Amino acid sequence: MPEKAVDDVMDSAVGAHFSGLRLEALRLSSPSAPSSPSSAKAAAAAAAHSNGAVYANGVAADAAELVSPSALRQPFVIASVCEDFSWIFQGVSGGTASGKTTVCDMIIQQLHDHRVVLVNQDSFYRGLTAEESAHAQDYNFDHPDAFDTEQLLECMGQLKRAQPVNVPIYDFKNHRRSSESFRKVNASDVIILEGILVFHDQRVRNLMDMKIFVDTDADIRLARRIRRDTVERGRDVSSVLEQYGRFVKPAFDDFVLPSKKYADVIIPRGGDNHVAIDLIVQHIRTKLGQHDLCKIYPHVYVVQTTFQIRGMHTLIRDRDITTPDFVFYSDRLIRLVVEHGLGHLPFTEKQIITPTGSIYMGVEFCKKLCGVSIVRSGESMENALRACCKGIKIGKILIHRVGDNGQQLIYHKLPMDIAERHVLLLDPVLGTGNSANQAIELLIRKGVPEERIIFLNLISAPEGIQCVCKRFPRLKIVTSEIDTGLSEEYRVIPGLGEYGDRYFGTDN
Ligand SMILES: Nc1ncnc2c1ncn2[C@@H]1O[C@H](COP(=O)(O)OP(=O)(O)O)[C@@H](O)[C@H]1O
Ligand SMILES: Nc1ccn([C@@H]2O[C@H](COP(=O)(O)O)[C@@H](O)[C@H]2O)c(=O)n1
Ligand SMILES: [Mg+2]
């Protein structure tokens, strides 16, 4: 952008503004525009009060955080997305250089949880044409029309449907999007969308479970903007000031500040407000806890973790472990899972006499049991089951994996009276859930009631849990760890590789 006298530039701080290219900026004064930082703060406070927002500690603009009545009224929505995905959508708005990106980065860093992704509204800036670029200094990047909100909504919709999205990469130096590359964003439990105008469009707002407004003094924002735009965005001081006065400030007053009333939480001082950021991080953690698969699916049981269990997982997941060690530690873990699974069987009360002649009021194991292993890796769990349940009958199901989705039932051999038994279905890894579903379907066809099946495995992918539990909500799953997810090749991540090959020593 060309240089211009700084004094000229600040003149245009108050004026009407339009989206897109304006060769002539109109200079109409806006009565609502705060002319000084203190009046900007007063306007901010007024806006907050006009919304009925209350300061947490009853003090004005420097309070740690604001909680609006609407936030208290509505429960935090964890919406069910597509068939399977649940998520939390958090919006972060505020004026330019208020610290939105910084605050989001801090939240994500503190959360330290892979289930959180950040999407920047900036990525959805419309790229300028060559002609527009030549007059970039006349383009209003702070007007809502500067963003492709339809595309933003489409991307958010995709993330809601648990599909990964390609987010454009925007270059602030040439005002264009990269034509070759995108940033791939995977669907996650928590999506944070940040940008100056993320509260402007009602449709975008409606997606959000939590809205945060970063409220930083206007002078500080301008100072930061000058530094950032000259250092990172290829601008000179004069052009930053001109743009600020002509477009940024008026648009802040007309679009950004009025949208503050939608915020559930207002963070004064942005990234310097560690108390507010801690509170938000805690809040998201709580929501993520509620979001836990075990809470969504009450019949999913994860063996209570200990350092012993974690240590065994560390060993069997290590690609350099020897086969004997892999087998040894797998067997130990399998035994724990089997014991845990047996704990979910029904029992009958039983009274016995001890050698001291006393009565002991006990219980009797369920007798009508059988194991069914999904060949081949499920066979690795048979010994542990036999060791726990003397003389137990064990059936087999062979499912041939064709590609990623098509599963073919090849062979099965099950006890004749399986319909009268409780079934412990054995497969060490629950990946997509396709094989498990085929096996479960067969058992149900053979007359085993869904609620009498306990599926035992060592590691489960969330996708597999969702796939099985959606289809068979009364079936129980017992696992020792839930992994991050599936890769594009449908492998469990971090996972432990081809379990059957590693256990039976056919991996090299
Ligand atoms: N609390 C802070 N103290 C000092 N500098 C900050 C602080 N927060 C942000 N900045 C700096 O100010 C500039 C704008 O911050 P940024 O987070 O990019 O704001 P926004 O995303 O709201 O435009 C960046 O250069 C950033 O490093
Ligand atoms: N080509 C562009 C696009 C946008 N801007 C300015 O960026 C600001 C929004 O980003 P923040 O990180 O500051 O929220 C906005 O105020 C636009 O003026 C730009 O200068 N050039
Ligand atoms: Mg930013």
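Reply: This is a predicted model, where local features need pLDDT of at least 70, side-chain atom pairs count only at pLDDT 80 or more, and totals for chains, interfaces and linings use all residues. Residues are numbered from 1 along each chain as its sequence is written, chains are lettered from A and ligands numbered from 1 in the order in which they are written, and side-chain values use heavy atoms, with hydrogens and water left out.

Me: Which residues make the nonpolar surface patch of about 350 Å²?

Reply: I353, I359 and M361 make the patch. Patch members have over 30% relative accessible area and no salt bridge; nonpolar side chains (Val, Leu, Ile, Met, Phe, Trp, Tyr) are joined within 5 Å, like charges within 9 Å. A salt bridge would be a side-chain nitrogen of Lys or Arg within 4 Å of a carboxyl oxygen of Asp or Glu. Areas come from the Shrake-Rupley method with a 1.4 Å probe; for residues, only the protein chains shown count as cover.

Me: Why is I353 called exposed?

Reply: Its relative accessible area is 58%. Exposed means over 50%, buried under 20%, partly exposed in between (1.4 Å probe, protein chains only). So I353 is exposed. I353 lies in strand β14, residues 348–353. Strands (E, at least two residues) and helices (H or I, at least four) are DSSP runs, numbered from the N terminus.

Me: Why is R421 called buried?

Reply: R421 has 9% relative accessibility, so it counts as buried. R421 sits in the loop between β18 (407–413) and β19 (422–426).

Me: What makes β20 and β22 partners?

Reply: 2 bridges join β20 to β22 (residues 459–460), and the two run parallel. Pairing takes at least two bridges found by DSSP. They therefore pair. V429 stands opposite I459 in β22.

Me: In what order do the 3 strands of the open sheet come, and why do β20 and β24 stand at the edges?

Reply: The order is β20-β22-β24, with parallel pairing. β20 (429–430) and β24 (481–482) each have a single partner strand, so one side of each lacks a neighbour in the sheet.

Me: How do you know that T96 makes a polar contact with ligand 2?

Reply: An oxygen atom of ligand 2 is 2.6 Å from an N or O atom in the T96 side chain. A polar contact is a pair of N or O atoms within 3.5 Å; within protein, one must be able to donate a hydrogen and the other to accept it, and residues adjacent in sequence count only if both atoms are side-chain atoms. T96 therefore qualifies. Taken alone, ligand 2 exposes 470 Å², and the protein buries 99% of that.
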